[in-house]
Amino acid sequence: MSSSMPTIHDVAALAGVSPSTAKRAIHQPDKLAKETLAKVLKAIDALGYEPDQTASALRRGRNLSIGLLVGDILEPFFTSLTHIIGQEVRAKGYSLLIADNQYQADLELQNLKMFSGHKISGLIIRPAYGNLNAEYLKRLEARGTIIIEIDYTHDNSPFSHILLNNEQAVGEAVRYLYDLGHERIAFVGNHHTTECPEERHKGFLQTVKALSLPYENYLAKDMSNLSSVVEHQAYDATIRLMQLSQAPTALVSISGMCGVGVFRALKELKLRIPEDVSLITFDNYPWTNLVSPPLDVIEQPVEVMAKTTAELLLSEIESPTKAITKKRFPAKLIRRGSCAPPKKS
């Protein structure tokens, strides 16, 4: 061990194994016998060996790293997603690079170029609204980067995706409110058909039309041109909706972040939930079960979605099939008491 910077050959010599076995202990530990793996790990610890990621990337043409591009890192849904995906990829010897696109295509492109510079092996992306950066993504794919979309996909996207069954989720929520007796049901969230073509909006329209319910006045139109939806925008939209002469008797919030704004607006208007207005929101965030009353929610199976995405990505990286996988998971409607029959006028 002559070098002050130990090499994989030093590790192999100390452990009494071949260099290829020492490398396998780092990159494919599950393929080694427990005793052999223990010897190599002991040698790594004794020498303080750290793999040269740059040199490895030059040899392979890519790094042992995964890029994760989410919508907004502050949203609890993406925070949970990031945490679970991080655990999964690190368990297989990969590092995780994280960025968010704020749902904007131009910012997304900047981050894609950054990931490309790091020679990532795989990319998990929540695509931005607007134009799909298809040309650049195809360029990354041609260089060997495996790409999987999560949470959202553009029409005719050429990539594998893991999504919620959004139309089913919204449809179930609307029918739940309808069965309680509600006819004036409002949707709080993006609904621009070209700029923000959300499936949740599509599912809402399909369901209210099928039930012959009014809807034109019950869309938050002041939110329609936004690339992202945050609390204060949902708050403003709720104020406007509840000031209509025929105000909605029930509200469906497109996300947990929107739900905060909706809930705050109703409280400031001194409207009682569910006596004056019923409320159901996407995302089973902790706060939804701590407020009074606890909110009915549409829970996304974030853990299953995250693990499925990571497993699919890692499988394609190790043994590429070039198959396009499209999976959707059902949501779960959790009833806690924030929805009730509308009050009699």
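Student: Leaving aside its neighbours within four places in sequence, which residues are in contact with Ile 185?

Tutor: The model is predicted: local features need pLDDT of at least 70 and side-chain atom pairs count only at pLDDT 80 or more, while totals for chains, interfaces and linings use all residues. Residues are numbered from 1 along each chain as its sequence is written, and side-chain values use heavy atoms, with hydrogens and water left out. Taking contact as heavy atoms within 4.5 Å, the partners of Ile 185 are Val 174, Leu 177, Tyr 178, Phe 204, Leu 213, Tyr 218, Ala 250 and Val 252.

Student: How far apart are the end C-alpha atoms of helix α10?

Tutor: The expected span of a helix is 1.5 Å times one less than its number of residues. Because α10 has twelve residues (231–242), it should span 16 Å, and this agrees with the distance between its end C-alpha atoms, 16 Å.

Student: Which elements are included in what covers the buried residues of α10?

Tutor: The buried residues of α10 include Gln 233, Tyr 235 and Met 242. Their cover includes β6 (185–188), β7 (250–253) and α11 (256–268).

Student: How are α1 and α3 oriented to each other?

Tutor: Axes are lines fitted to C-alpha atoms, for helices over the stretch in contact, and angles run from 0 to 180 degrees between N-to-C directions. Helix α1 (residues 8–15) and helix α3 (residues 34–47) pack at about 120°, with axes 8 Å apart. Angles under 35 degrees count as roughly parallel, over 145 as roughly antiparallel, 65 to 115 as roughly perpendicular and the rest as oblique. The two helices, α1 and α3, are therefore oblique.

Student: Is Ser 212 buried or exposed?

Tutor: Ser 212 lies in the loop between α9 (199–210) and α10, and has a positive phi near 60°. Because its relative accessibility is 65%, Ser 212 counts as exposed.

Note on methods
Helices (H or I, at least four residues) and strands (E, at least two) are DSSP runs, numbered from the N terminus. Buried means under 20% relative accessible area, exposed over 50%, partly exposed in between (1.4 Å probe, protein chains only).
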